[in-house]
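Subject: Structure handover

Hello,

Here is the structure I promised to pass on. Please open it first, then read my notes below.

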Amino acid sequence: MKKKLTIAMAAACMCLSLAACGGSSESTTSAPAADPTPVATEAPTEAAPAASGVTIASTETWGDYTVGIPEGWKFRKGDAFDENDTHYCSVKKSDFSYFDFKMEKEETMKNQYEYNKKTYTNEQKDVSGKIGDIDWTGFEYSDGWGGYGFELYATANGKPVRVSCAGFKFDSAEAKAVLESLKIK
């Protein structure tokens, strides 16, 4: 029995060690070498506070997205399944505070939105409004522990776009700064 327990503990430690050694999928400087899509990174000459008081420190372009990155935040290209997929990107303050941008087929976008609306029901309320150049429709919810998030969708330049946000309210300074900076080609 002791031998089996020791082997199980050793295996668990090895798995954790290997997981801790893995590289991060977050990158803020360049595209993977195999990706033919050019990535332009612009840094304003001086970090400028957005109208909401949040400082946008740099701008990232990935696929059809151009988005401002607040000071101290990170930009992640692609998604968890494919870091080279230019239909997805994230602006992250932390693992629990982020904005995920997704360009999906309109039917997929609406199905996923409806699924999330049925899932995230705590203190849910509908929200909408024009932020930057985009008219958003969606809902805001509470996580039940004092945090908030929201789901939005829109069509920008003929392309369906969905935003999943965790950690912020729709009318927060962070949401306004990031969404105001978003441009879709």
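Predicted model: local features only at pLDDT ≥ 70, side-chain atom pairs only at ≥ 80, totals over all residues.

Where do the two residues sit? Trp 73 is in the loop between β4 (65–70) and β5 (74–77), while Phe 99 belongs to strand β7 (residues 97–103). The pair therefore ties together parts that are 26 residues apart in sequence. Both Trp 73 and Phe 99 are buried.

Now look at Phe 139 and Tyr 141. This aromatic pair is tilted: the planes make 45 degrees, and the centres are 6.1 Å apart. Are these two buried or exposed? Phe 139 has a relative accessible area of 0%, so it counts as buried. Tyr 141 comes to 10%; the cut-off for buried is under 20%, so Tyr 141 is buried as well.

One more ring is worth a click. Which residue lies over the face of Tyr 148? It is Lys 169, at 4.4 Å from the ring centre.

Next, the cysteines. A disulfide is a covalent bond between the sulfur atoms of two cysteines. How many disulfides does the structure hold? The count is zero. Cys 89 is buried, with a relative accessible area of 1%. Cys 165 is also buried, again with 1%.

Then the overall picture. The protein has 185 residues, and 38% of them count as buried. Its secondary structure consists of three helices and twelve strands. Take the contacts with a separation of 6 or more: 45% of them join residues 24 or more positions apart. The accessible surface is about 10,800 Å², and carbon and sulfur atoms make up 54% of that.

Last, the confidence. The average pLDDT is 80, and 72% of the residues score at least 70. Which stretch stays under 50? That is residues 1–51. For this stretch the model has 53 contacts beyond four places in sequence.

Best wishes

Terms used: Residues numbered from 1 in each chain as written. Heavy atoms only, no water. Helix = DSSP H or I, 4+ residues; strand = E, 2+ residues; numbered from the N terminus. Buried < 20%, exposed > 50% of the residue type's maximum accessible area, 1.4 Å probe, protein only. Contact = heavy atoms within 4.5 Å. Areas by Shrake-Rupley, 256 points an atom, 1.4 Å probe, with all protein chains shown as cover. pLDDT = per-residue confidence, 0-100. Phe/Tyr/Trp six-rings, centres within 6.5 Å; stacked < 30°, edge-to-face > 60°. Lys NZ or Arg CZ within 6 Å of the ring centre and 35° of its normal. Disulfide = S-S within 2.5 Å.
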